[in-house]
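Biologist: Before we talk about any details, could you put the sequence and the model side by side for me? I would like to go through them slowly, one question after another.

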Amino acid sequence: MADETQTDPVFFDTLFHRKRKHGKWDTVDAPQLEGLVADTHAHLQLLDDPALALARCAAHGVGFLCTITDVYEDGPVTYDRLDAWRHEAAVDVAKLVHRC
């Protein structure tokens, strides 16, 4: 495992990063998937960076994602922001592919 120091979780590669103490991160191996995966229970609106989560899903073969909302607790936030999150994720993935 390589030890990396980062101030913010940034989607600069397709590696998995595990946060440690004092702003440090470990790089860990991504799981090896045999095919496309479906995430059938996500809460995008609760994540710090939903677009980052979508970009990582795309990079690691998650072919379907179902986000769960509660109309009373979450309101329309997920529906209002989903297109923007998807666009930002597509830009992140395109930048990553361009670097390779």
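Modeller: Here they are, and please keep in mind that this is a predicted model. We can begin with an arginine: at a relative accessibility of 39%, Arg 20 counts as partly exposed.

Biologist: With which residue does Arg 20 form a salt bridge?

Modeller: A salt bridge needs a side-chain nitrogen of Lys or Arg within 4 Å of a carboxyl oxygen of Asp or Glu. For Arg 20 the closest N and O atoms of such a pair are 3.4 Å apart, and the two side chains are also joined by a polar contact of 3.4 Å. The partner of Arg 20 in this salt bridge is Asp 26.

Biologist: Is Asp 26 buried or exposed?

Modeller: Asp 26 has its place in strand E3, which covers residues 24-28, and this strand is mostly covered, with four of its five residues buried. A residue counts as buried under 20% relative accessible area. Because the value for Asp 26 is 12%, the residue is buried.

Biologist: How many bridges join strand E2 to E3?

Modeller: Strand E2 spans residues 16-19, and E2 and E3 run antiparallel. Within this pairing, His 17 stands opposite Thr 27 in E3. The number of bridges that join E2 to E3 is four.

Biologist: In the hairpin of E2 and E3, which residue takes a positive phi?

Modeller: The hairpin has four residues between its strands. Most residues other than glycine have a negative phi.

Biologist: How far apart in space are Pro 31 and Phe 16, C-alpha to C-alpha?

Modeller: Pro 31 is found in the loop between E3 and strand E4, the latter being residues 37-42, and at 49% relative accessibility Pro 31 counts as partly exposed. Along the sequence, Pro 31 and Phe 16 are 15 residues apart. In space, their C-alpha atoms are separated by 9.1 Å.

Biologist: A polar contact joins the side chain of Gln 45 to that of which residue?

Modeller: Gln 45 sits in the loop between E4 and H1, and its relative accessible area is 16%, so Gln 45 is buried. Leaving out residues up to four places away in sequence, Gln 45 touches several others, among them Thr 67, Ile 68, Asp 74 and Trp 85. The polar contact, at 3.1 Å, is made with Thr 78.

Biologist: Which residue with a positive phi follows H1?

Modeller: Helix H1 runs over residues 50-59, and its buried residues include Pro 50, Leu 52, Leu 54 and Cys 57. After this helix comes a residue whose phi is near 85 degrees, and that residue is Gly 61.

Biologist: How many disulfides does the count come to?

Modeller: A disulfide is a covalent bond between the sulfur atoms of two cysteines. Here, Cys 57 counts as buried because its relative accessibility is 17%, whereas Cys 66, at 29%, counts as partly exposed. For a disulfide, the two cysteine sulfur atoms would have to be within 2.5 Å. By this rule the number of disulfides is zero.

Biologist: What pLDDT does the protein average?

Modeller: Of the residues, 82% score at least 70. Over residues 1-10, however, the pLDDT is below 50, although this stretch has 25 contacts in the model beyond near neighbours in sequence. The average pLDDT of the protein is 79.

Conventions: Residues are numbered from 1 along each chain as its sequence is written. This is a predicted model: local features need pLDDT of at least 70, side-chain atom pairs count only at pLDDT 80 or more; totals for chains, interfaces and linings use all residues. Side-chain values use heavy atoms; hydrogens and water are left out. Buried means under 20% relative accessible area, exposed over 50%, partly exposed in between (1.4 Å probe, protein chains only). Helices (H or I, at least four residues) and strands (E, at least two) are DSSP runs, numbered from the N terminus. A polar contact is a pair of N or O atoms within 3.5 Å; within protein, one must be able to donate a hydrogen and the other to accept it, and residues adjacent in sequence count only if both atoms are side-chain atoms. Two strands pair if DSSP finds at least two bridges between them. pLDDT is the predictor's confidence in each residue, from 0 to 100. Contact means heavy atoms within 4.5 Å.
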